[in-house]
Every structure is written in structure tokens, then in C-alpha cells.
Amino acid sequence: MKCLNIVIVGVGGQGTLLTSKILAQLAKAQGYNVKVSEVHGMAQRGGSVITHVRIGAQVHAPLVAAGSADYLLAFEPLEAARAVSYLQPDGKLIVSTQRIPPMPVLSGTATYPEEPYQALLCASQAVEALDAYAIAVEAGSYRAVNLVLLGVLSRHMEFPEEAWIDAIAACVPTHTLETNRKAFMAGRKK
Amino acid sequence: MHHKNFCTSAPLQTKNPSELLLGDQAVARGAWEAGVRVVTGYPGTPSTEIAEAAAKFPEINSQWAPNEKVAMEVAYGAALAGARAMVCMKHVGMNVAADPMFTASYTGVSAGFVIAVADDPAMHSSQNEQDSRYYARAAHLPMLEPSDSQECKDFTKIAFQMSEELDSPVVIRITTRIAHARSIVEVTPREEIAVKPYEKNMAKYVMIPAMARGRHVEVEKRETALKNAVNESPLNAMELRDTAVGVITSGVSYQYVRNALPDASILKLGIVYPLPMSLIADFAMKMDRLIVIEELEGLIENDLKAAGIACEGKTLTGVQGELNVERIKHAVLGTPLPDLQTSDLPVRPPALCPGCPHRGIFHVLKKLKMNVMGDIGCYTLASLPPLSAMDACLCMGASIGMASGAERAQGKDFSKKTVAVIGDSTFIHSGITGLIDAVYGSEAITVLILDNRITGMTGHQHHPATGFDIHGNPAPMIDLEALCRGCGTEHVRVVDPLDLDETQKAIQEETARDAVSVIIARRPCALIDKTKQPPCYVDGCKNCGSCLKVGCQAIERKGDHIEINAALCTGCGMCSQVCPFHAIHRGGDSQ
């Protein structure tokens with residue numbers, strides 16, 4: 001009963017929910033079972049957010065257990081650090097390097113760590129760090145960081161490119177499809 | 001590393017079309033399929049999306065109610081008048097709705113009446129961790145607990161049937177990890193159920209003591225019959241595997257147990273009140289070790305122990321927070337809990353958004369060193385640093401009563417340095433009666449209604465004072481000024497909370513009065529205000545840090561100066577009023 005476990009983390013407002021929605025849509029269209037656990041309400045508003053995605057023949061728990069994520073998709077380095085413990089020993093971290101300082105750092109009561117997640121990873125865990133923000137801006141919108149990261153993730157999964165594009169088209173508003181598709185392809189081809 | 005074989009068995013096949021639905025949406029879908037005609041509720045995480053999803057079905061008459069009590073009464077009235085109806089709320093909303101609910105249990109219903117309640121273990125977005133299963137017991141109402149979105153839909157349909165068969169409201173109880181988990185649901189068409197003719201039946205529906213005594217007997221009969229019937233219900237299912245450990249569980253805990261203890265036998269309870277005691281006794285006899293795994297309180301465990309069935313439960317799992325696979329493995333197998341390694345990292349709590357009109361209010365209240373009786377909404381975030389400008393937050397609407405009580409304890413002068421702050425939606429929900437009480441009690445309190453024209457924290461739902469209905473269509477708008485005057489408040493004024501001088505003047509003048517006053521701080525939520533200003537900019541910064549104290553995510557110290565993040569700044573200009581050196585300029589000003 002092996003599931004594919006993906007944990008998506010970021011800052012409230014960065015579009016983590018849309019990312020998990022696209023993954024769920026894709027998994028369903030490809031005939032898999034899927035569960036996504038989301039965070040709404042108070043937990044957003046610029047705070048840390050985490051979404052769990054589990055894909056498989058049969059999915060029970062809606063949450064990924066610590067040490068069992070195949071992929072950690074992090075929209076922000078500090079949030080990557082907070083969630084590294086979800087990764088399994090040969091899991092992979094895909095992280096956008098753009099730093100978003102949290103309120104304690106902005107107001108000067110805490111310091112943003114120089115290398116937030118690096119020391120927390122073990123040698124067998126792979127990292128792919130990229131400036132998804134810059135790539136998203138190039139693709140047409142700074143809001144498309146999520147699609148860039150999804151593009152990177154897509155390289156590691158078996159689903160055909162058209163299936164990804166179909167899932168994206170099913171989840172984003174028509175007028176943003178072209179930008180989102182571009183951002184996704186930029187991450188996928190990088 | 002390519003993931004090609006994470007799924008070895010055949011892909012999922014479903015007979016019917018399927019959709020990816022949140023548990024909340026699946027409850028709404030189930031109600032729709034069951035022919036529901038009326039759905040109402042008050043927004044509250046994690047229940048909000050039930051009514052929102054119901055509102056998307058044209059066959060359903062949907063509306064936000066001012067609070068859960070009214071919602072309960074409206075849905076009850078619809079069921080009384082022959083239409084299948086559902087009311088939705090979060091766990092603490094059930095406290096508000098409890099009064100009609102307890103007696104609705106006595107009268108029963110004409111058409112199916114379902115009460116959907118969402119608990120929030122771990123308090124992702126709540127002020128307490130109360131367990132709504134207690135309510136089902138206290139009010140003698142059957143309670144169903146689904147364990148995924150498919151069951152949310154299926155159980156809701158069953159709940160409507162049960163409600164009519166048993167002549168009782170039926171409660172569907174979910175938790176955050178069910179409500180906000182998305183999974184695949186097979187969908188079927190709606191069953192149209194005609195509205196029954198309205199029938200008068202005083203002995204059944206007029207709950208004066210003489211008639212209520214008769215109905216209490218019916219409640220007992222109903223419950224006794226149900227206590228037997230639940231032993232045969234397919235919703236309570238035994239899964240026999242290894243008998244070394246047997247687990248009794250329900251809801252999302254069932255899913256965790258399946259992953260944590262794949263070999264354990266399970267008695268999965270779909271009906272959590274009343275409990276199927278003979279089925280449980282039968283299951284217990286087959287097991288070497290019996291464990292009850294339930295989130296929050298040990299209700300099932302206590303019932304087992306009262307019936308003389310030996311089991312373990314809360315001594316293993318505890319009552320705090322939500323469970324997960326790791327906690328259950330730790331509790332049952334002694335597997336060490338994972339080291340999260342996050343204690344040294346700076347925290348990232350949620351914060352007021354850039355441009356949030358609440359920020360101006362709390363900046364001024366902090367500056368004036370006011371005592372602040374707070375309430376439930378986004379503005380409760382002002383209790384966090386650097387604003388740290390709230391003294392108390394209890395429940396919806398409590399700020400006003402707390403301010404009155406504080407005056408009665410400390411004397412009239414205390415109200416000269418105290419305010420109650422309450423949002424527009426929260427004021428409509430349960431602040432009005434507090435205001436009436438303050439007027440009636442000749443208090444001198446000052447109430448700040450933070451009118452951001454929406455129910456903010458739950459994700460922007462309309463309410464009776466926004467002028468729009470649940471669909472976003474124009475609706476009659478309650479006039480807050482007239483409402484406050486109608487409650488007997490003589491002194492009602494409106495300010496723009498981002499005009500700090502005006503706001504400060506209003507707070508100083510109104511708190512100085514020996515009478516109740518209301519200040520309506522009116523400005524739309526920054527997330528719905530479409531009139532964006534160009535971002536602010538810094539010129540001539542002395543690096544004093546005054547602007548950092550307003551707690552805006554768009555303002556950051558970069559070494560020896562301050563920078564404003566143009567991507568986040570909404571150009572609200574609040575910080576420009578705070579800078580003592582006039583070094584922050586509005587984007588529209590000449591550079």
C-alpha cells in the first residue's frame with residue numbers, strides 16, 4: 001500500500017493550495033486515489049502553511065507522517081527548514097530560494113538563519129534549489145511561483161506532459177492559463 | 001529517482017462519475033443529493049465551506065444567518081414546515097445554537113433535519129478544543145461521524161433518512177482533517193423530495209411543560225430503540241485482522257489507525273452516539289488487548305469502562321491536540337516521536353495583512369495605553385507582537401460584555417481607558433445584546449466596531465450589514481449606525497481607521513464620556529478593496545524603527561535603513577503617519 005507522499009509548504013497567500021489542487025486533479029485523472037489536507041482560516045494570513053498530498057491505490061491518513069515524504073515542495077527556505085522532518089531518508093527537497101522574512105525578523109526580534117535548512121538535511125536527501133520567483137516573473141507573473149515548482153516536481157513523476165497541462169487547465173482561471181503553463185514549463189525544462 | 005511504481009495495483013474504478021471534494025463540500029453534496037431545500041449557518045473554520053458549497057446548488061435556498069442560534073431555528077422551522085433542511089456550524093457555534101437544539105430533540109421534525117458540526121482538534125483556527133460529541137449525548141441526538149469525503153456525502157444522505165425515520169434531528173460531526181481534506185467522491189443525482197404539507201400538532205411542537213413531559217418520554221423511547229438498532233447498522237463495521245490488538249475508533253482517527261497499525265483489528269464506529277454496546281462487547285471478547293483511539297475527550301472509552309469492558313485509551317493518546325500516525329504508533333507501539341528540529345527557527349505566525357484597516361486602530365490603542373477587550377476575528381491577530389494590543393479574547397461577542405463587567409468591577413473611570421473592539425460580522429452575531437446591556441446598565445463603555453464590510457477571517461463571507469447575500473447578490477443592508485442608535489446609544493460616530501489623527505481624536509473623546517458610545521471604524525478589508533494605491537516609498541530614513549512597530553509585512557529593516565516591499569505594500573499610507581521624520585511617503589506624492 002505504498003503511497004506517493006508530497007508535502008507542500010510556504011507562506012499564506014503564496015498559492016500552495018492551488019498546487020495541491022492541481023496534483024489531486026492530475027492523480028484523479030490518471031486513475032489514482034488521492035487525499036489532500038489543506039489549511040484554511042486563521043492558519044493563513046501570512047503565517048506558515050502546509051499542505052499534504054498523498055497519492056496511491058488506497059490512501060488512508062490525510063496527513064503525511066514525519067520521515068515519509070517523497071518530496072518536500074517548499075516555496076520559501078525557512079518554511080523548508082520547518083518541514084524537513086517530513087522527508088524520508090532518500091526524499092527530495094525542491095525549494096525556492098526567495099526569502100520571505102517572518103514578522104519577528106521584520107521587527108528585529110529574530111534573525112533569519114543564514115542557511116535555514118541545509119544542516120537539517122541528511123546526506124542521502126537531495127536538494128534542488130532554484131529562484132522560482134525570478135523564473136515566475138520571467139514567465140509573466142510573480143504569482144506563478146507555485147507553477148514553477150510544480151514544473152520541477154513534474155520531472156520526477158511518470159505522468160505525461162499533456163496530463164499535467166490538462167490538470168492545470170482544470171484548476172486555474174482561463175485568463176491565467178497561458179502564464180501558468182509557461183511558468184510550469186519553465187520549471188519542467190529547467 | 002523517478003516515481004513510476006508508487007501504485008502497483010489497478011487504477012481506481014468508480015461506477016458513477018466522481019469529483020474531488022473537501023469533506024465540507026461532500027456534506028453539502030450529500031444534502032443536495034438527499035433533496036435538501038434549505039441550508040443555513042454562520043461561517044466558522046473549519047465548517048464554512050459546507051454552506052458555501054450548498055449555496056452553489058440552485059435547488060437549495062441558502063443564506064448566512066446572523067449567528068448559529070438563528071441558523072438552527074431557521075433550519076428547524078423549514079423542517080417543521082415540511083422541507084429537508086440542514087444547519088452548519090463549527091464546534092463553538094454549537095454552544096450558541098444549543099438552546100433550540102436541545103428542545104428540537106424533544107419535538108422531532110416533520111421533514112429531515114441535519115445539524116452539521118465541525119470540531120477543530122489542535123485549534124488550527126479556534127479558541128478551544130471542545131468536543132461536540134458531548135452535545136449529542138446531552139441532547140439525546142444521534143450523531144454520525146464520517147472518516148473521509150465519500151463518507152461525508154454518504155452519511156449526510158443517511159442522516160436525512162434517519163432523521164425522518166426516528167423523528168429526530170441528526171448530527172453529522174466532522175473535524176478539521178475531514179472538513180479540509182480533499183478526496184474522491186462518487187456522485188449521484190439529486191433525489192427530489194416534495195415539501196410535506198404544514199401540519200399543526202400542538203402536543204408535539206409547543207414545548208410548554210405539560211406537552212414537553214410527554215415528548216421527553218418519546219425521546220427516551222426513541223433512544224432506547226436506537227441503542228439496539230445501532231448494533232446492526234452497517235455504519236458500525238468490524239474489520240477482523242490480527243486479534244492481538246483491537247482498536248475501536250471513528251472519524252479521521254480510523255484513517256490514522258489503518259496506517260499506524262495495519263495488522264490490528266478495528267471496530268470502526270460510523271455512529272458515535274448512541275454507541276453499539278453489544279457489538280463493542282462482541283468485538284472486545286475477540287481481542288487480547290483493546291484500545292480506544294479517539295481525538296479530544298475519552299467519551300467512547302468512558303462508556304466502555306462504565307459497561308465493565310476493559311480497555312485503554314486516553315492514558316495512551318492523551319486529550320490534547322489532534323492525533324496522527326506518529327502519535328498512534330508512539331502510543332500503542334512505543335515508537336519514538338519524530339524530532340521536528342524546528343525549535344531554533346524564527347516562528348511565522350499569521351499577521352494582519354499589509355493595508356489592513358485594523359492596524360490603525362490597534363496602533364492608536366497601544367499609543368493611548370488603552371485596556372482592550374477583544375473579540376473573535378482577524379483583529380485578534382493584533383494581540384501578537386509587535387502590536388500586542390489586546391488584553392482579552394473569549395468568544396464571539398464577548399468584548400462588550402467584558403467591558404461592561406470590567407466597569408462594574410473597577411468603577412466608571414476604568415471605562416475612560418478601556419474599549420471593546422469587535423468586528424462588524426461579530427457585532428451582528430452576538431454583540432448587539434451586549435450593547436443593549438451596556439446602555440440599560442448606564443455604563444460608560446466605548447465600543448469600537450471594526451467595520452471592514454465582510455466576515456474576514458473565515459475567508460470573506462457576507463453578513464446582514466454588508467448589503468449582499470451568500471451568492472454575492474444585493475440584499476437589504478442593516479445600517480450599523482441606526483442599529484446602534486436603536487439600541488439606545490446616543491453617541492455613534494464613524495471614522496476611517498487609517499486616518500490615525502481622526503481615529504485617536506474619536507477614541508479620546510468617546511472614552512472621556514460618561515455614557516456608552518460606539519465608534520464605527522469603517523474601511524473595507526484590504527483583501528477585498530479594489531482601489532489599490534501606488535506603494536509607499538522611503539526617503540530620508542533615520543532608521544529609528546517606529547514604522548516597524550506597526551507590524552506590517554511590507555516594512556523591513558535592511559541594515560541601516562528601512563525598505564518598503566513594493567510587491568506587498570497596498571499604499572494605505574498608515575506607516576507614513578507614524579514616521580516621526582516624515583521619511584515615508586505615499587506613492588501618489590511627488591518623489
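Let me start with one residue. B:Asn543 has a relative accessibility of 22%, so it counts as partly exposed; the cut-off for buried is under 20%. Its phi is near 60°, a positive value in a residue that is not glycine. B:Asn543 sits in the loop between β19 (537–538) and β20 (555–558) of chain B. Keep in mind throughout that this is a predicted model.

Another positive phi, then. B:Asp167 is not a glycine either, and its phi is about 55°. That residue is in the loop between α6 (149–166) and β7 (170–175) of chain B.

Now cis peptides. The bond from B:Thr45 to B:Pro46 is cis, with omega near 10°. B:Pro46 belongs to the loop between β2 (38–41) and α2 (48–54) of chain B. The bond from B:Pro385 to B:Pro386 is also cis, with omega near 5°. Here the loop is the one between β14 (371–373) and α16 (398–410) of chain B, where B:Pro386 is found.

B:Thr45 and B:Pro46 come up again around B:His180. Setting aside neighbours within four places in sequence, B:His180 contacts both of them, and its list also includes B:Leu22, B:Asp24 and B:Glu49. From the other chain come A:Val36, A:Ser37, A:Glu38 and A:His40. Is B:His180 buried or exposed? Buried, at a relative accessible area of 1%. B:His180 lies in the loop between α7 (176–179) and β8 (181–186) of chain B.

On to the interface. In contact are 68 residues of chain A and 62 of chain B. Together the two chains bury about 5,500 Å², with 61% of that on carbon and sulfur atoms. Across it there are 14 residue pairs in polar contact. On the chain A side, β2(A) gives the largest share, five residues. By class, that side has 36 nonpolar, 17 polar and 15 charged residues.

How many salt bridges cross between chain A and chain B? Three. B:Arg348 is the residue to look at. Its side chain meets that of A:Glu79 in a salt bridge, 2.5 Å from N to O. B:Arg348 also forms one with A:Glu76, where the closest N and O atoms are 3.0 Å apart. B:Arg348 is buried at 6% relative accessible area, and A:Glu76 is buried at 0%.

Over all chains, the salt bridges come to 48. Two within chain B deserve a mention. B:Arg190 and B:Glu192 pair at 2.7 Å, N to O. B:Arg190 counts as buried at 13%, whereas B:Glu192 is exposed at 52%. B:Glu301 and B:Lys305 pair at 2.6 Å between closest N and O atoms. Those two are four residues apart in helix α12 (residues 299–306) of chain B, so about one helical turn separates them. B:Glu301 is buried at 5%, while B:Lys305 is partly exposed at 43%. There is also a network: shared partners link B:Asp119, B:Asp131, B:Arg133, B:Glu145, B:Arg173 and B:Glu294.

Take B:Cys353: its nearest cysteine sulfur belongs to B:Cys356, 6.2 Å away. The pair is not a disulfide because the cut-off is within 2.5 Å. B:Cys353 itself counts as buried, at 15% relative accessibility.

How values were computed:
Residues are numbered from 1 along each chain as its sequence is written. Chains are lettered from A and ligands numbered from 1 in the order in which they are written. This is a predicted model: local features need pLDDT of at least 70, side-chain atom pairs count only at pLDDT 80 or more; totals for chains, interfaces and linings use all residues. Side-chain values use heavy atoms; hydrogens and water are left out. Buried means under 20% relative accessible area, exposed over 50%, partly exposed in between (1.4 Å probe, protein chains only). Contact means heavy atoms within 4.5 Å. Buried area is the accessible area (1.4 Å probe) that two parts lose on being put together, summed over both. A salt bridge is a side-chain nitrogen of Lys or Arg within 4 Å of a carboxyl oxygen of Asp or Glu. A polar contact is a pair of N or O atoms within 3.5 Å; within protein, one must be able to donate a hydrogen and the other to accept it, and residues adjacent in sequence count only if both atoms are side-chain atoms. Ala, Val, Leu, Ile, Met, Phe, Trp, Tyr, Cys and Pro count as nonpolar, Asp, Glu, Lys and Arg as charged, and the others, Gly among them, as polar.
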